[in-house]
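Colleague: I'd like to learn how to read a fold like this one. Could you walk me through it?

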Amino acid sequence: MGFASWRPWLFLLEPERAHALGLRLLCGLNAMPKTRAHIWPPQAVDPRLAQELWGLHFAHPIGLAAGFDKEGEALISLASMGFAFLELGTVTLRPQVGNPRPRVFRYPQQRAVINRLGFPSRGAAAVATGLAALPSLSVPLGINIGKNRETPLTAAAADYRALIRQLGPFADYFSINVSSPNTPDLRRLQHPLNLRPLLQELREERQKLQRQPPLLLKIAPDLEPSEVAALAALAQDPEPLLDGFIATNTTLSRPADWSAPHENGGLSGEPLKVRANRIIAQLYQASGGRLPIIGVGGVFTAEDALAKIEAGASLVQLYTALIYEGPGLIRRITTQLPELLLARGVEKIDALVGTRAAQWAAMAV
């Protein structure tokens, strides 16, 4: 039975409970290589989709966004599913339970989700212990980190520094999460007056690591163009404080005809797509394309992924689409992307990065 047959039954469960069930199944498959190979046979990926960024090899541009596997429990199975890279988290320094339930809501007609999880996490020490016990992964691993809810903004740098110190040995890159809408005041860290000293401290902490993973900043989709430009200025420094951006997190905005306007939390999925593409394009233009961007938000098809690349993203992440399309989506996208490259007359996918940035940057949402 395919995912389409199972989805109605999974959707009878409360969303967070259904997610936990799916994650447990994937955890079980970690120790079953033959079963994984039967479910997701090894796939030859078109070499035109490959890229080298930050000294890392990405076989194709499609990765898993943070939030699906917060603790890194199912990474082996997720890599077998066909992702070119994985991002776990958000991880906080100390354990915390997050916001009260219910805190995840599906909207199937809009192919969207609202969540107000609030960084539930077992804490950095527990995540580090789990990662230390894993064999080497076949794909790059990003770790998304955020401050604890009770940590005041004035002490946020200490949280992030400790997270880099404890998780640095396991990260191929860090995603600095200052843009979740579900932790009070967190987005204030995006302001340059707060962000610049924070990033300076994180660069100092990274310098102490034997292996120095790139630092990527995950930004909100609700920024004004002037705010995007201020963040892009960080890429213009003689020695940039960042190695790249992840655009975007979930949005607090709602479509005009949204059926649940009073449900609080971050909105992801199809309604986020155009807004995220516009932010990617504005960021690409304002930074002169100097730093790679990972595009996130509303990726359901190969065309959606390519739109983010043409807006300025080098890589693309998805999560909400898995809820509605199932794990076969990754291979479907990577199979169709080479056909889209052929239609555009290019040899490699990185030739398309930013080719439509001006159009996306000017688009209304």
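Colleague: Which strands make up the closed barrel, and in what order do they run?

Modeller: Happy to start there. This is a predicted model, where local features need pLDDT of at least 70, side-chain atom pairs count only at pLDDT 80 or more, and totals for chains, interfaces and linings use all residues. Residues are numbered from 1 along each chain as its sequence is written, and side-chain values use heavy atoms, leaving out hydrogens and water. The barrel has eight strands with parallel pairing, in the order S3-S4-S7-S8-S9-S10-S12-S13. Helices (H or I, at least four residues) and strands (E, at least two) are DSSP runs numbered from the N terminus, and two strands pair if DSSP finds at least two bridges between them.

Colleague: How many bridges join S9 and S10?

Modeller: Four, in the parallel sense, between S9 (residues 215–219) and S10 (residues 244–247).

Colleague: Is helix H10 mostly covered or mostly open?

Modeller: Call a residue buried under 20% relative accessible area, exposed over 50% and partly exposed in between (1.4 Å probe, protein chains only). Nine of the ten residues of H10 (302–311) are buried, including Asp304, Lys308 and Glu310. Among the elements covering them are S3, S13 and helix H12.

Colleague: What happens at the two ends of H10?

Modeller: At the start, a side-chain oxygen of Thr301 comes within 3.3 Å of the backbone nitrogen of Glu303. Just after the helix, Gly312 has a positive phi of about 140°.

Technical notes
Contact means heavy atoms within 4.5 Å. A polar contact is a pair of N or O atoms within 3.5 Å; within protein, one must be able to donate a hydrogen and the other to accept it, and residues adjacent in sequence count only if both atoms are side-chain atoms.
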